[in-house]
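Hello,

Here is the structure for you to look over. My notes follow below it.

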Amino acid sequence: MRGDDLALVAELAARRGLDRAGYAALLEGLTPRGEEELFRLARETARRQFGRAVYTRGLIEWSNVCANDCLYCGIRRSNGRAARYRLSREDILACCERGWAWGFRTFVLQGGEWPSGEEDRFLAEVVEEIRRRFPRCAVTLSVGERERAVYRRFYEAGATRYLLRHETADPDHYRQLHPASMSLERRKQCLWNLKDLGFQVGTGFMVGSPGQTAAHLARDLEFIQELQPHMVGIGPFVPHRDTPFRNARAGGLEDTVRLIAVLRLMLPAALIPATTALGTIAPDGREQGILAGANVVMPNLSPAAARESYTLYDNKLSTGAEGGEGRALLARRLAAIGYTLSDSRGDWRPEGAPEAEE
């Protein structure tokens with residue numbers, strides 16, 4: 001190891017990053033003492049930027065139709081058992097109506113990747129209508145790889161945030177997880193295009209995906225350090241019964257929360273969710289994510305039938321505190337660890353900048 005783990009944690013906090021070898025050394029050599037210091041500094045960093053506020057986003061899983069065939073995903077094209085659906089414009093707007101009444105001020109439209117002129121027009125028109133009806137809201141899209149001109153159209157329609165997880169920044173590992181028709185370089189270029197167009201950009205990766213090593217994770221962190229995204233979403237890999245990785249080992253809670261803490265020290269101003277996958281693998285997974293430096297939760301606003309069919313992995317939670325209707329329960333669970341749900345849109349802001357009035 002290049003230095004002890006406490007020294008690497010201190011260097012990460014002071015410099016907002018390490019080199020690839022440093023990340024690998026930290027991940028491979030973290031001791032209980034180093035982990036305690038990592039979590040302490042990550043919590044302090046998050047609280048300096050956000051206080052004890054946790055931002056909410058209302059997730060609308062608008063379609064599980066996907067052209068891709070990622071080996072880990074339950075809505076992959078080859079899964080003939082998936083019950084495919086697309087929500088209508090009216091369905092999506094009804095989700096927003098309910099979400100607004102429950103206190104959500106950001107809506108996230110997430111769906112399988114099915115780029116087409118018809119779908120792109122539909123999404124742009126829906127975004128325009130959401131912003132017309134709820135002018136004080138923010139709209140995030142998470143619908144995969146698109147041409148730069150399409151991203152520009154989405155931005156002009158009023159979607160100012162975009163989530164596109166790169167999943168792994170190592171080319172060989174990427175090929176283990178994706179079909180030959182998909183390209184890591186194209187995915188990265190999409191992220192650069194989104195950032196150049198002015199989006200608040202989010203990326204991220206799975207923790208514990210098949211074949212993943214500390215060297216792969218170090219490369220992920222190096223890429224994120226280079227990209228400087230506004231949002232980073234990571235979660236443990238959870239297998240799906242109808243994929244080639246059905247028997248693969250799931251990613252771990254401990255590894256995921258450690259990486260959340262690392263990301264918080266790298267990017268003090270980033271919006272980092274405690275993901276549904278964390279809550280799926282552990283009853284207090286969400287809370288552990290918050291205590292490691294996460295500051296966003298994304299309850300589900302989708303209709304019940306859609307929640308049952310949008311199965312990226314087995315046993316995905318979508319009710320209780322993970323459902324939009326459970327906002328009060330979620331608030332109580334966060335209060336129990338000393339945090340509050342914010343009523344704001346939760347826009348990204350530079351480190352140290354006060355939250356803008358909406």
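Strands β4 (residues 138–142) and β5 (residues 159–163) run parallel and are joined by 3 bridges. Thr140 stands opposite Arg161 of β5. Bear in mind that this is a predicted model.

The pair belongs to an open sheet of 6 strands, ordered β2-β3-β4-β5-β6-β8. Pairing in the sheet is parallel. The edges are β2 (58–63) and β8 (231–232). Each has a single partner strand, so one side of each lacks a neighbour in the sheet.

Next, the helix pair. Helix α5 covers residues 117–133 and helix α6 covers residues 148–157. Their axes lie 8 Å apart, and the packing angle is about 20°. Angles under 35 degrees count as roughly parallel, so α5 is roughly parallel to α6. The crossing of the two is right-handed. On the α5 side, the contact is made by Asp120, Leu123, Ala124, Val127, Glu128 and Arg131. On the α6 side, Val150, Arg153, Phe154 and Ala157 take part. By class, this contact of α5 with α6 has 6 nonpolar and 4 charged residues, with no polar ones.

Best wishes

Note on methods
Residues are numbered from 1 along each chain as its sequence is written. This is a predicted model: local features need pLDDT of at least 70, side-chain atom pairs count only at pLDDT 80 or more; totals for chains, interfaces and linings use all residues. Side-chain values use heavy atoms; hydrogens and water are left out. Axes are lines fitted to C-alpha atoms, for helices over the stretch in contact, and angles run from 0 to 180 degrees between N-to-C directions. Helices (H or I, at least four residues) and strands (E, at least two) are DSSP runs, numbered from the N terminus. Angles under 35 degrees count as roughly parallel, over 145 as roughly antiparallel, 65 to 115 as roughly perpendicular and the rest as oblique. A crossing is left-handed if the near helix is turned anticlockwise from the far one by less than a right angle, and right-handed if clockwise. Contact means heavy atoms within 4.5 Å. Ala, Val, Leu, Ile, Met, Phe, Trp, Tyr, Cys and Pro count as nonpolar, Asp, Glu, Lys and Arg as charged, and the others, Gly among them, as polar. Two strands pair if DSSP finds at least two bridges between them.
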